[in-house]
Structures are given as C-alpha cells and as structure tokens.
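Student: I am new to this structure and would be grateful for a close look at a single part of it. Please take me through that part and then through its surroundings.

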6 protein chains.
Amino acid sequence: MTNGSLPRLTRAIYPGSFDPPTNGHLDVIERAARCFGELIVAVIVNPQKRDPMFSLEEREAMLSECVGHLPNVRVEHFRGLLADYVKLRESDVIVKGLRVVSDFENEMSTALMNRALAQVDTFFLMSDQKYSFVSSSIVKEVFFLGGEVDSLVPEPVLRVMAAKRTTLHSARR
Amino acid sequence: MTNGSLPRLTRAIYPGSFDPPTNGHLDVIERAARCFGELIVAVIVNPQKRDPMFSLEEREAMLSECVGHLPNVRVEHFRGLLADYVKLRESDVIVKGLRVVSDFENEMSTALMNRALAQVDTFFLMSDQKYSFVSSSIVKEVFFLGGEVDSLVPEPVLRVMAAKRTTLHSARR
Amino acid sequence: MTNGSLPRLTRAIYPGSFDPPTNGHLDVIERAARCFGELIVAVIVNPQKRDPMFSLEEREAMLSECVGHLPNVRVEHFRGLLADYVKLRESDVIVKGLRVVSDFENEMSTALMNRALAQVDTFFLMSDQKYSFVSSSIVKEVFFLGGEVDSLVPEPVLRVMAAKRTTLHSARR
Amino acid sequence: MTNGSLPRLTRAIYPGSFDPPTNGHLDVIERAARCFGELIVAVIVNPQKRDPMFSLEEREAMLSECVGHLPNVRVEHFRGLLADYVKLRESDVIVKGLRVVSDFENEMSTALMNRALAQVDTFFLMSDQKYSFVSSSIVKEVFFLGGEVDSLVPEPVLRVMAAKRTTLHSARR
Amino acid sequence: MTNGSLPRLTRAIYPGSFDPPTNGHLDVIERAARCFGELIVAVIVNPQKRDPMFSLEEREAMLSECVGHLPNVRVEHFRGLLADYVKLRESDVIVKGLRVVSDFENEMSTALMNRALAQVDTFFLMSDQKYSFVSSSIVKEVFFLGGEVDSLVPEPVLRVMAAKRTTLHSARR
Amino acid sequence: MTNGSLPRLTRAIYPGSFDPPTNGHLDVIERAARCFGELIVAVIVNPQKRDPMFSLEEREAMLSECVGHLPNVRVEHFRGLLADYVKLRESDVIVKGLRVVSDFENEMSTALMNRALAQVDTFFLMSDQKYSFVSSSIVKEVFFLGGEVDSLVPEPVLRVMAAKRTTLHSARR
C-alpha cells in the first residue's frame, strides 16, 4: 500500500517455531487478531534446528485447533527467509510478542533486517504479564523434568503433550 | 471489538508531547498510517510539564501540516488520562515508537497500565535507524546551543523554529 | 554476624519514600516478612525531594495500618544516609523490590555503595507480576489526572487518597 | 510459613551447575550464609547438558571443601525440577547471584516460574564487583586456552584443575 | 584525517560536568591518556543546569591538580555544542567512561548525534570495577547526608569538599 | 607505556571470528584506523567452534583484500587466549564494535577479564547505524536461506560467497 491510498484491511504475519504453542503465543494471537484485518500464524520450518519436540504437522494441527474461534486467523508454514514469505503473501506487517526487555533486544536486529529486505514493519505487542515467563523452551524443560504444564499451554497442546508423556513412559519400560 | 466478530478498520492513537515533532515522529506516523485504518496523532496537554518550547496550538499546527499527505491521519489533543481518551475515541490500539532498547523499558509500564485501565493494547514500532538518536529534547538542546537542526525535524517545524530563533536573537539585543 | 557463629534471626530493612505505599510495596513487605526474622519498613526523610504528596506522618500511619497483620514488621523513618541507619539498627540486610529490569540497573549502584559504606548486602526480590507497572509516581499521575487507583494501592491508602481528592475538589471551587 | 506465625530460621537453596565452583559462587554463598538460617548449596544434575568438565562427585567434593568453614551450609544435589526439590526440602527461598544486569534478565523468567510452580521467592544478591566477570564458562575457557585461573576459583578447585591439566598434558603426548 | 594518510598523534576530548571530579573520572582519564596522543579534559558549561555544587573555576582547578602527573592531558572548558567544540579543537575522538550497562544506553544517542553533527567517533572505556558505583551525584548525595567520601574522590577534590563542609557547618550555626 | 612517559603511536587489536567479515566489521576497522597508530585485525582460531563457513585462510585473505586501502592496518590470526596474544604483540588497546546495547552486556565481562589478565583496556566503538543489524551469523542465515547479502558484506566477501553458492548448488544436483 502506498502512502495516501485508501486503507484496506491489513494483513499481518505472526511467525514462530511454536514448538509447542504456549498460552503466551495464543494471547498474542488473540490480541493481534483484534487489531489487524487478517492474521497468518506462520510456522517456521527451520532445517538447522534439529530435533523439534513436535513435528510440523503436529504444530500446525495444535495451532489450528487453538485459533478455531478466530475467523480472521489462519495457520500456515514456510521455508526459507521470512522476508521472502512476507513478500509472497503481500503482508503489511510482522507481529512479534514481547515478554521481557531482553526479548526486544533480540528481536530488534531481526526487525531491522526484515525492514531492509522486505520493506515490512514489525509491530511488537506485549503478552499478558501472567505469561511473561512462559516460553516454548520453559514448557519443554518443565515437561521433561516431570512437572505440570497445565497452566502454561492451551488445552489442545496439553492433550498432545499428555499423549507424548504416555508414549515416553511406555518406551522406558 | 469482541473476538469472533467481523474485523473493521482499526483506529489507532499515537500519543505524545511533540514539543516539537521530529523526523522520527513523522517516520512512525507514516509507518503506522500504512497499517491501521485510522490514526489519531494526539498531543498530550500536560499541565505538570512546565514551559514547553511550543504552545499547544503551534504543535497541532505543525503536526497537521506534516501529516497533510496522509488521508487517514488526523491531529487532536487531550487532557487527563490517556486511558480515558482512548475509551472516549473508542480506539483499538495505542502506537508508540521505539528508538533504542531503553525506550522500551520506559514504555512497558505505561503500556501495562493502559491495558489495565482501558483494555487497550500498545503496539510498538521501530523508527528508522537514521532517526534513532533524534528526540524532541535533543532537538531543543541542539537548537538552544546554536546548532543546526535541519536534518532532525520536518520542514514545517524547521520554519517555526527558524522564526523562534530570530525572535530569540532580537530579544537578546 | 561473623562467619562461623550460630545464626540468629536476620534483621532486614526495607527503605523507601512510600509516597504513597502501593500494592507492590505491600507485596514485597509480605514476601520479605516470611523470609527474614524481623523487617523494618523505613521511610526515607529526604529534604531534597520537595513537595511530597503525603506528609511523613501520613506515610508512616498508612504503612503501619497496612502491615498490622504482620507481627515481625515495624514501621520507622530515618534521616541522612541509609548506610548510617543500617549500622544504627544493626541490620543484616537491605531489601529492595524489583519490578522490571531497569529497576535493577538503578538499584545496582546504590547497593554497591551501601556495601562499601556499611558492609551490608542488598537482597532483591521481585514483586508480583500483576504489580509490575505499579509505582508511587504512576499512582500519583493517575490520581491527579482523575483516574481510579483502587487496584493500585492498599485500602488504608485508598481512604486517605479519597479524602485528599475531596479536599482538592473543595479547594478548586 | 504462613503470615502471622512466629518466624523460624529460614532455609534457603542456592542452586547451580558449579562446573566448576568459582570465587564468585563462594562469595555469594558466604553472603547468603550470613543472612539465612540454613543454606543448601544444590548441584543441578542436568542430563541434557552434555560433557560437564567435572563429575557430579567432583563438584560436590570441591563445594564441600569450599564451605567447610560455614556451619549452616551444606552441599546436596538434585535431579528434576528445582520447584519440586524446593518443596521436598521445605525451603523458604531460592538464592541467586547477580553479576551484571543481563544476569537478572535471564533469571527473571526462572524466578517467576518457580514462584508459580512452588510458591517460593527468589532473592537476588550481588557478588563482589571484583568477581563480576567470573563465571564457570569463562574459567573453563581460560583454562583450556592455557591461561592462569588462580584468581578466579577457590583453592580446592584450583587443586583439582591443576590435576586435570597434568592429565590432559599426559594424554596429549 | 582522511583514510590512507599517515597516522598522527590522536587528539581526544573527554567531556563532562565534573561536579565534582571523582575517582572514576580520574581512572578514565589515566587510561585514555595512555592510549591517545593528547587528551583534553573539557568541562561543559551548561547554563541550563542550575546550582552546581562547584564553580567552573573550582572544577577546572581541581581537575588540573588531579591530572598534573599526566603530561599529555590538559583541562579546558567549553560553552555550546560539544560537536562545535570538537571541530574547533580539531579533535579526532570523544572519550566516555562506562560504569554500567545503562550508562551505555544513555550515551548511545549522544554519540550518534555527535557523529552526525561533527563526523567524530566516541570511544567508550570502562572505568575500574571498584568505581562502578561512583558518580558525581552519588558523591554529592553522600556528602550532603553527612557521609565520608574519602574513597570516592581524588585528594585535591577531598580537600575542597572538606573546606565546603566547614563553611556549611559555620553557616548553620 | 607507563604514566608520564612520552606518548608513542598506539597499537590496537581488533579481534574477531570474521566468519565472514561484514560491512559492519569493515566500518569499525576504518573508524579505528583513523584513531590509533596501528591496527591489527586478528582472526581468532577457535578449535571449539566447529564448522566455520570459511577457512582461516579464506577469512584472512578476504580481510586483507578489504583493508588494502588502509596502510596502518594489517591482518593476523592467533590461537589461545586473547590476553596472551595482546601481551605478545605489546598492544595497548583492544577495539570492539558495538551495534546494540546487548552487545555491550556480552562484551563487558570479556573486557574486564582481559584487563585482569593482561592489563589492557578495551575501547568500544559504535558501528554505523545502517549496519546495526548486520552480524556474521545474520549474513550466514540470509545466505543459506537463499537471500541476497549484497548490502551486508564487502565486495571481496561477496565474491567468495557467490563462488560458495555455486559450489553448493552443484553439490545438490
């Protein structure tokens, strides 16, 4: 959209690994969905990150179930550069959640690079304070050390994780 | 807007003192105007901040001239709590520009308070790197110490400042 | 206490301006009271900070009412250097609340100075996330701009503030 | 301990990998031992961190020797979630050392999670400035690159490291 | 100096209010004097900062005495923009001391502005850790609250401060 | 150099992995070369970092070509501790580039350690804002995901990377 033209519904992309999606992610999705016309939750397929806990299919399925109540949100995945995917989807903005100050420090460089490569702006949004310590890696750490993650992930994710736990336990016997 | 309803054009508020507006402010306004349906640039009337360099009328006039090319942007002012003004205008989001990490630290508390008081989210947007050191107070400092501010403020602001400089010099004689 | 001697109940000092005490302050007091044998909430009398909203007497009275349910907590005030007051009270530790990262940056220098001057350590404690944006100055700002502070300060403080608002309104007529 | 009950001696846990213990760790231990009734130095057994430089037994032995002069300190280890171990030991607080601001950023999320999972508060304590650059990983880096670590680790650790160096050199021949 | 020409001795400027000079300032001066050919310690005359504790003459005299042992260091003062003074002195670099991370956040914008206005680079240098909490304002705060500043300022400054204390006490009688 | 002796040309070391050198690195080199008499760009040979994208020889060759126009700059490499190499080269200062605040947090500990081990100061210098998001790892990420790196690296590096891309594509067939 060029300056001065009539505004149309803004298309935003919310990229992430979502391994797994957390209550913090869902909170950001719901907030962003209220403010942008269309929101694409985009799972990054990163061949360099080995051994995700959840397959791409599992992550997309969990996310789709989590956002089922939000008509202007859809789930996709992409390979390669986010900047290229943003251009392909003719997206206007990238959305990122911030939990703590250091999140912003890490995201700043990426946001500047995406602006340089795809002329796209990143909008930063704070997740609810009660999720400020919830990240995918903390969820996995708690889970693997035997703790309860009920308050950290949405119900569809909880169900898949419970199934994985059963499988893990069976395997150990 | 409740979850699940059809999206309408989002109304965003960009609040600030704008004493004076800088190139950094204008950069954030142009970026936000591309992404939200309607953008209100709202000058804060703060009786506790004494001795602004520019009167409220000057600030509104300069801003209006600066955003004349952006049809979905308008300039207003408000007294009292931002949270109350946000409710009055039925605004969906607050927009804030970030230049450096410490900006975010300062804005986080305000954003959380506005969320608590008015259920409104703040979207943070980075201004162009080339404006990362430009703030209203730096502009005023350079100006009062006799330096050139041509590259720091938009043309309409430059004109008003040049007039003030002439007045200052005449007064000193 | 020298290394190697038998531990006795630790005496901690929680210093602050408390102008006014907030829910965040009370949260830190309750958490510290659980962990230290004795806790002195110490109001700093700072002649350089002009125009406090509440008099020293008001602040001590409000605090005393707020901590009435905590048998090992008492309220005092002091003039001069915190390091001198710490020595006078033979206190073992200073307690400070942290809400956000920038709080720590500001407190680090003070903590190092107090260690140098009085060989006393500062223990930092995080207040509840739901109070992470609540500070005395934000409370005063919201109050003076006509907003509700019910969720930001304890009930005894709310009562005194309500009385002040009535006085302010009468004075304006 | 519930609010209002008589205070008893506080039991604190100081968790860490201690691979190896540094002068900074020992400094934090000595400071915390002065302020809490009982201090448990707890070595985290983390099966996900591969290839520690020192075995669990070595780390516990070195720590025990380092804290021999502190009667209210004992060394243990634990597997699984810190939150579970805290509950098992009926500990009142977790102690963490801070050297620089970024330490606090990293520890904030963990502290909030432990509060959520085990209702336990984390007290942050600054190590002596002269140890502000000393971490286990810096000690290992200097050691493996052939530098002297005499001023970075306590004497018992130095002895074990010197022995390892001899072994390394023999192995290379 | 243009790229490719022969290097000459670098002239560096170390600007500051020095109200009063501290041990931290002197530490930075000594370190910078070792690395640059010529170092000008430049006292900022800032008419907007009211009520300095020490007059410009006192500050220059104390600094001159403090740097007497450093043949390539001289003390000056300037009015107006640092960028203009840098050009006047044909200085190659500005030197700034950093004590903590937040110092850098504050100095970044100023450094970028000076680069834009005077094509001059700012080199940041860490003061000794043992001075990391020492600033002019902390020195003044401790002094006015009756504390000892012996370990915080150089001997020539201490003498002037002691004289001021006597004057203050006489005045109070 | 001892205090009080005549200043000689300062020898600075700019250490890094340079895997690959970026426009940001070159910008820092050019700025430092203007301010120090002699500048050694020193490639760290780190056997613990596996799988560099470029061999040591490639990195030295690319750097040498990039700095060919700077007569007081030369390229070397070193193994082992930077502190030992600094002593070997009788270097006066270490130079490090800073892009964002978090860079400084990471570099602070290293700078303090090098001061402790080799009595050498680190001077921090900001790279141009337009390179603030450019790092070797971002360059590699963009490259491997198929993006253009023309604006991120100097021409000699671009040429080597283009050759590698051709090799990669051939290998995949």
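This is a predicted model: local features need pLDDT of at least 70, side-chain atom pairs count only at pLDDT 80 or more; totals for chains, interfaces and linings use all residues.

At what angle do helix H4 of chain E and helix H4 of chain F pack, and how far apart are their axes?

Tutor: Two packed helices are described by the angle between their axes and the distance between the axes. Helix H4 of chain E, residues 101-118, packs against helix H4 of chain F, also residues 101-118, at an angle of about 145°. The axes of these two helices lie 10 Å apart, and the crossing of H4(E) and H4(F) is right-handed.

The residues that meet can be named on each side. H4(E) contributes Val101(E), Phe104(E), Glu105(E) and Met108(E), while H4(F) contributes Val101(F), Phe104(F), Glu105(F) and Met108(F). Sorted by class, this contact holds six nonpolar residues and two charged ones, with no polar residue.

Most residues other than glycine have a negative phi, and most peptide bonds are trans. Gln119(A), which is not a glycine, has a positive phi of about 50°. Gln119(A) sits in the loop between helix H4 (101-118) and strand S5 (121-126) of chain A, and this residue is exposed, with a relative accessible area of 63%. In chain B, Gln119(B) has a positive phi near 50° and lies in the loop between helix H4 (101-118) and strand S5 (121-126) of that chain. Gln119(B) counts as exposed at 63% relative accessibility.

Strand S5 leads on to the sheet. Ten strands form an open sheet in the order S3(A)-S2(A)-S1(A)-S4(A)-S5(A)-S5(B)-S4(B)-S1(B)-S2(B)-S3(B), with mixed pairing. At its edges are strand S3 (73-79) of chain A and strand S3 (73-79) of chain B, each of which pairs on one side only. From one strand to the next, the twist averages 35°. Within chain B, strand S2 (residues 38-45) pairs with S3(B) in the parallel sense over seven bridges, and Ile40(B) stands opposite Arg74(B) of S3(B). Helix H2 (residues 56-66) of chain A packs on the sheet, where this helix touches strands S2 (38-45) and S3 of chain A. The direction of H2 makes about 160° with that of S2(A).

A cis peptide bond joins Asp19(A) to Pro20(A), with omega about 0°, and Pro20(A) belongs to the loop between strand S1 (11-16) and helix H1 (23-35) of chain A. In chain B, a cis peptide bond joins Asp19(B) to Pro20(B), with omega about 5°.

Notes:
Residues are numbered from 1 along each chain as its sequence is written. Chains are lettered from A and ligands numbered from 1 in the order in which they are written. Side-chain values use heavy atoms; hydrogens and water are left out. Two strands pair if DSSP finds at least two bridges between them. Helices (H or I, at least four residues) and strands (E, at least two) are DSSP runs, numbered from the N terminus. Axes are lines fitted to C-alpha atoms, for helices over the stretch in contact, and angles run from 0 to 180 degrees between N-to-C directions. Contact means heavy atoms within 4.5 Å. A crossing is left-handed if the near helix is turned anticlockwise from the far one by less than a right angle, and right-handed if clockwise. Ala, Val, Leu, Ile, Met, Phe, Trp, Tyr, Cys and Pro count as nonpolar, Asp, Glu, Lys and Arg as charged, and the others, Gly among them, as polar. Buried means under 20% relative accessible area, exposed over 50%, partly exposed in between (1.4 Å probe, protein chains only).
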